[in-house]
Amino acid sequence: MATFLYKLGRSAFRRRRLVALLWVALLAVAGIGAATAPAPTSGSFSIPGTEAQRAFDLLEERFPGAGADGATARVVFKAPEGQKVTDTAHKAVVEETVAALKSGSDQIVSVADPYTAHAVSQDGSTAYVSVAYKVNAMELTDETREALTQAGHNAQGKGLTVEVGGDALQTMPATGAGEIVGVIIAGIVLVITFGSLVAAGLPLLTAIIGVGIGVSSIAALANVLDLGSTTSTLAMMIGLAVGIDYALFIVSRYRAELADGREKEEAAGRAVGTAGSAVVFAGLTVVIALVGLAVVNIPMLTKMGFAAAGTVVIAVLIALTLIPALLGFAGDKVVGRKQRKGTAKASDKPNGGTRWARFVIRRPVMVLLIGVLGLGAIALPAASLEMGLPDDGVKPTSTTERRAYDTLSDGFGPGFNGPLLVVVDGDKATADKTVSTIKGLEGWAAVTPATPNKAGDAAMITVVPKDRPSSVATEDLVHDIRDATGDEVLVTGATAMNIDFSQKMNDALVPYLALVVGLAFLLLTVVFRSILVPLKAALGFLLSVVAALGAVVAVFQWGWLGSLFGVEQTGPIMSMMPIFMVGVVFGLAMDYEVFLVTRMREAYVHGERPGEAIVTGFRHSARVVVAAAVIMIAVFSGFIGMTDQMIKMIGFGLAVAVLFDAFVVRMAIVPAVLALLGHKAWWLPKWLDRILPNVDVEGESLAASTGEGTPAKPDLVKA
């Protein structure tokens, strides 16, 4: 592989104008496709194989046109202290709003008058208008949303407090300034790392081009592939991080090759042949982790994984071709002023990485214990993990959705924001029996009479729990209804869907973990030609991801330092968070493992002793790995500032996971373990060595093909 990539790098360097033109053309085509594509009309959420999904499917079949999975909204009215919404003046305002809503859009299925639908609280202080739509939230037009919010605004100032809630107000996550700040921090780190504006600009430029192509392609295909609103955000988040990192490693290796006295084209070829090999395998681990999300069998998650994986593939291809092409345009400006003047030769000069590696080699047991115990302590809150899906109750109190949620809770009880929809596949007698059975259970606040369909062969029953939607008591009620009724009775609704979603995530976690870690273990065994190094990598990852989950629980569930990260309301952790973090963080963690340890492996196969190889790997790679980690943390942290709770949580989780994995696991635990293992770290059974393909990440065949022998070893501390 090293020889092929070496030739590819030299070819891209020579034909730089053609390569640059091709990538610019791809960016233009993707941009035009995104600009001309129709706006996405979907973003549907389904969970195949669950009872909640079967109930929705049955509703669509037996209640055609009812918009069972359509968007909903609630316009909530609260009377001033000492007054009631049933007072004549207030009633006139509510009925005026009902009329405005009915005529506001042709996407509306029904608008329920609170005075005839029994939607007035017992004390008369609160009432709400239920609005049902034909289509889901992502298919609502701007005009429909505007009609909804305008109806609420028009009712304000007429003696009532009016708030609007429900998923009908769901829109694309609002982009904050955090992402821009993250990119600026990445630029500053690159300038400090390289000492050259040109060298710092190349990773940023190529990452932006890669993300531009990836996100534009997603936008162009969103309508065709039914992609949700968070798909492009995830692709942008991961694409920016890995795009900058992959380019950073190749540019850094190119500068090191120039420092060793090689010509520019040769240096570009060698940079792509060596660091490029690490980029390929690092990218493969990320792709495996993201594509592996398909095993969960939730279409939304599968599409998110494939879209993000496509962006990673683009980042790898850009690093292997566009980076050497741009290096050809950059000339001598890609190196710092001192290096151009010949006053510094970084490859022979001891640096912070050298000193840190020597420190770890002298005290491996101490470093290992501190790292493992520290991450173990941070991981403790993960034992209290509660999972669910965020609703309006976790939104900032400045939003009308959150105020509507709180007003309904105060007026009707906490369970009112998460009603259960019970679907009966049977006649009226079966439906009435189901109502009686449910009323015999505990945990419900209200049970409506059964509403049959026109054919009389199905019915709907609404059950309002006593407790809030995300509580254990509400989950128990869902299970109790399912256990007490027959197969012809199905429980659904947003709350039941969340419960089924969480269960599906739990069931898929172990198989997914086995698949991803197993495949990556095989891949790293091929790369490092070792058993213990990939095993150490996998165990270190598990430690860092559990610690990251512990931090997420502490902040978003317990509220520790919540105000610092904009968390106004604690609640359960998003159901997909554990499995999502396993996938994404594993891929990113393996980046640092590959980049750092391949340089150690390279030194070891070229004749250095185990301790010397560790120091050599850190001397060449530690500075760049630290820079790459800081950049990735900055990019992910930028998404913490977004208003969408799911994106905020993902950004925080990925940022702390990279922090733990890069600085504690890869920079401390890994060298400590390798120092303790010595030669055994690179042991591989002879029979396995014979059957494994030789991908030559270290560039041995590259050295042979260019007529170079084993490089002289520097004067390093002995193992």
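Two strands count as paired if DSSP finds at least two bridges between them. Helices (H or I, at least four residues) and strands (E, at least two) are DSSP runs, numbered from the N terminus. What you're looking at is a predicted model, where local features need pLDDT of at least 70, side-chain atom pairs count only at pLDDT 80 or more, and totals for chains, interfaces and linings use all residues. Residues are numbered from 1 along each chain as its sequence is written, and side-chain values use heavy atoms, with hydrogens and water left out.

Let's start with the sheet. Strands β1 (residues 72–78) and β3 (residues 126–133) run antiparallel and are joined by seven bridges, with Ala-73 sitting opposite Val-131 in β3. They belong to an open sheet of four strands, ordered β2-β3-β1-β4 with antiparallel pairing. At the edges are β2 (108–112) and β4 (161–165), each pairing on one side only.

Next, the helix α5 (residues 142–155): it packs on the sheet and touches β1, β3 and β4, where contact means heavy atoms within 4.5 Å.

Now hop over to Val-272, found in helix α9 (residues 264–291). Is Val-272 buried or exposed? Val-272 is buried, with a relative accessible area of 1%; buried means under 20%, exposed over 50%, and partly exposed in between (1.4 Å probe, protein chains only). Leaving aside residues up to four places away in sequence, Val-272 touches Leu-5, Gly-9, Ile-250, Ser-277, Leu-320 and Pro-324. Leu-5 is 267 residues away along the chain, yet the C-alpha atoms of Val-272 and Leu-5 are separated by 5.8 Å.

Methods: Axes fitted to C-alpha atoms, helices over the stretch in contact; angles between N-to-C directions.
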